[in-house]
Amino acid sequence: MSKITVTGFALLLLLFLGNSSGNYAAQLKQNHSDTPTGTFQKMIVENGSVTMDLDLTRLNGISSIAEGPVTLQFATQANSFFTILVFNDLLRGAEPGSMALAPQNSSSAGASAFAKATAGQEALGYSLSAALSASLKQLVIEKLASDAAFDLVVRDGKTGFTFFNIEGHQYNYDSNAQSLSITGGNLLVSQEFANALGRPSDAGVVVGTIFMGAAMQPIEIDQVVNGELRSMIMPALRQPSVGTQPGPDVIVGDLPEMAQYGRAGTQVGLAVGTDSCNRGTVNVDWFALPSNDHPVVPQNLYRMSSAANNNDRFEQIGQSWLKHTFAAASSNDCGFGCNGVGGDHLGSGCSDLYSSGLNAGQDGLGSRAWVHPFSGLFPSGNVANNHNGHNHDGVSHRIRVEVSDLDRTLNSGATYFVEGQYVTPHEYTWCQTHPTECNMYNNVSYRQFTVNGGPTNFTFSPVGSTMQMQPAILAWTGATVSQAEPDPGNDGIWFMGYKVTNPSAGVWHYEYAVYNENLDRGIQSFSVPLGPGINISNVDFHAPPQEPGWANDGTQNNQGYSSTPWTVTQDASSITWSTETFATNQNANAIRWGTLYNFRFDADQPPQNALATVDFFKTGSPMTVAIQAPTGNGTPTPTPTPSDTPTPTATATATATATTTPPPSPTPTATSTSTPRPTPTPRSSPPPRPRPTPAPRP
């Protein structure tokens, strides 16, 4: 190996700290006579592990409780850009970069001890140690610039909060194994963490040690002869595709927790944690704002209630604005076998958790009005997440819910369900070129939660598992639910749910729910046929609260969407609920994407099979869908018997108006004819989603 001086190596660094390889070689020939010859490699972490040994007694600052040590183990994100420079198989230094950490002992004794300790600490008022526990799935080790006070730190990769500085560590590189280890590192409480704990004097206290071992892989290999670049190779990264579905396929893998984050007037502001998973073999684009190539995440809340069994009605009682995603993690919470890709992409098989606290952050939420729900498209820049010109209160942009809809004394026996959805433009654009690998219809999942406390502060506890790839309407006990698609390949889907009960002799209660999953055109009216001489009473309508108008919210004149109840019109043959037309009021109270509206009445006749008529808001001809209604024709259909599993049917037919390549703005366009779609399966297994052949983009 040729001798390489410190000055020569400083010139070598210019190659990877901002200059091109050609510039580097020219500088060596021009400025230095002792020019190097050999192989220069820039390497990143392929995979690895990190161990943190923490002294909880020191960390928590509670001298009376001997909590002792705990060991936390992590896997490193594959292909992390934690970069080292190697010349002729000798380590020459590390560049600024980071590696994400995925907990590996979340159910082990060590993690349990840590969780128990932080829970006890929180009870005594040390809440930010609980925050450290909450950040375990998004920690990173970051290499700082050479002029920083510390070489390495442990941070929350999404918030940037620094928990520990690392001091006293050594780098060791094994050229034969192409492996890197970092040993002897002490974990020092950062000033930021010490201040947050209320113990600023604890900054710099050693609370543990850290060790890292990683396999490295080159991303650039340069052959240099006498300071002149002779060849440069950029090897492909080893990124396995571990997903099971061809193409990109992001789903809501889990809805782990929900919490209240504010209150204003008669309403509370809630948020739910969402854990996304990529089932696909293609990494999903996750480019943060100002890019518009990332998923957005609405959150919804529903209540099933009423009558003896508390399942006659299924209503949406809250909805949020949209979380704009950023900085994907590379965890494996869905068990698909993450390929380790993160950051600007959610890797094949990987998961990315957003806590309820992160989803409650108001500045990170944008109006639904900016986003086309079928294509996922919205304006680039910061237009879709612009909070200039308005101030927030405790419920702004969060899941806005009336206290009366949660109060247990007013809703005894009611059941609550939360729903999350990921809408991503990457899936849409993939469908345009890969119509047989289209995964756009399984982006919604739901989970049951219990409501505790109130009437001022509410808490929530999950019940059972998250029902993946199913909208919450399928949780409606004993209801019949069918899926409809008015314009396949050009617009989204909606669901018709209904249930008929016989609360007393000679009285039948008819309950209908219309849920729009990702249909851009929206729904403007709903009509139920009536037989001659049918007497109906207790006619009602229900819709969730809307956000008020906000500056830059994407609605017409920033006025927000109307909350005016739908008008009811009844004649001898039908009863119809409707809102204003798009031509009359673009902000009318239509059933937009991610919302569910209810229509109900009592009648003196039993149910018959019938067809309801739905008319659309922006564009498209009306379509019919199968329901039961008091038509008075033929033999009565037996009253449905409530059960734990709805029995979906698919008898919807449609003659609808097509929307060409969906724009973010609500502009109606051209026509086409659709065909009936397949029948969804009961909620015990995810309903099949159509795989349309999308129309070519203009």
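A word on the ground rules before we start. The model is predicted, so local features need pLDDT of at least 70 and side-chain atom pairs count only at pLDDT 80 or more, while totals for chains, interfaces and linings use all residues. Residues are numbered from 1 along each chain as its sequence is written, and side-chain values use heavy atoms, with hydrogens and water left out.

Let us begin with the charged side chains. A search of the whole structure turns up 19 salt bridges, a salt bridge being a side-chain nitrogen of Lys or Arg within 4 Å of a carboxyl oxygen of Asp or Glu. One of them joins Arg279 to Asp249, with 2.9 Å from N to O. Arg279 sits in the loop between β16 (274-278) and β17 (284-285), and Asp249 in the loop between β12 (228-233) and β13 (250-254), so this pair ties together parts that are 30 residues apart in sequence. Strands here are DSSP runs (E, at least two residues), as helices are (H or I, at least four), and they are numbered from the N terminus. Both partners are covered: Arg279 is buried at a relative accessible area of 14%, and Asp249 is buried at 0%. For these labels, buried means under 20% relative accessible area, exposed means over 50%, and partly exposed lies in between, using a 1.4 Å probe and protein chains only.

Next, find Glu547 and Arg400, whose side chains meet in a salt bridge of 2.8 Å, N to O. This pair links distant parts of the chain, 147 residues apart: Glu547 is in the loop between β33 (536-542) and β34 (567-570), and Arg400 belongs to strand β25 (residues 399-402). Glu547 counts as buried at 12% relative accessibility, and Arg400 is buried as well, at 8%.

Glu511 and Arg600 form a salt bridge in which the closest N and O atoms are 2.7 Å apart. Glu511 lies in strand β31 (residues 507-516) and Arg600 in strand β36 (residues 595-603), a link between distant parts of the chain that are 89 residues apart. Glu511 is buried at 1% relative accessibility, and Arg600 is buried at 1% too. You can follow the charges onward from here, as Glu511 and Arg600 belong to a network of salt bridges that also takes in Arg303, Arg313, Glu315, Asp405 and Asp540.

Now turn to the backbone. Leu289 and Pro290 are joined by a cis peptide bond with omega about 15 degrees, and Pro290 is placed in the loop between β17 and β18 (296-297). Another cis peptide bond connects Gly454 to Pro455, with omega about 0 degrees. Look for Pro455 in the loop between β27 (444-453) and β28 (458-467).

Asp89 has a positive phi of about 70 degrees although it is not a glycine. Its place is the loop between β3 (80-87) and β4 (90-94), where Asp89 counts as partly exposed at 41% relative accessibility. Asn552, also a residue other than glycine, has a positive phi near 65 degrees. Asn552 is found in the loop between β33 and β34, and with a relative accessible area of 29% it is partly exposed.
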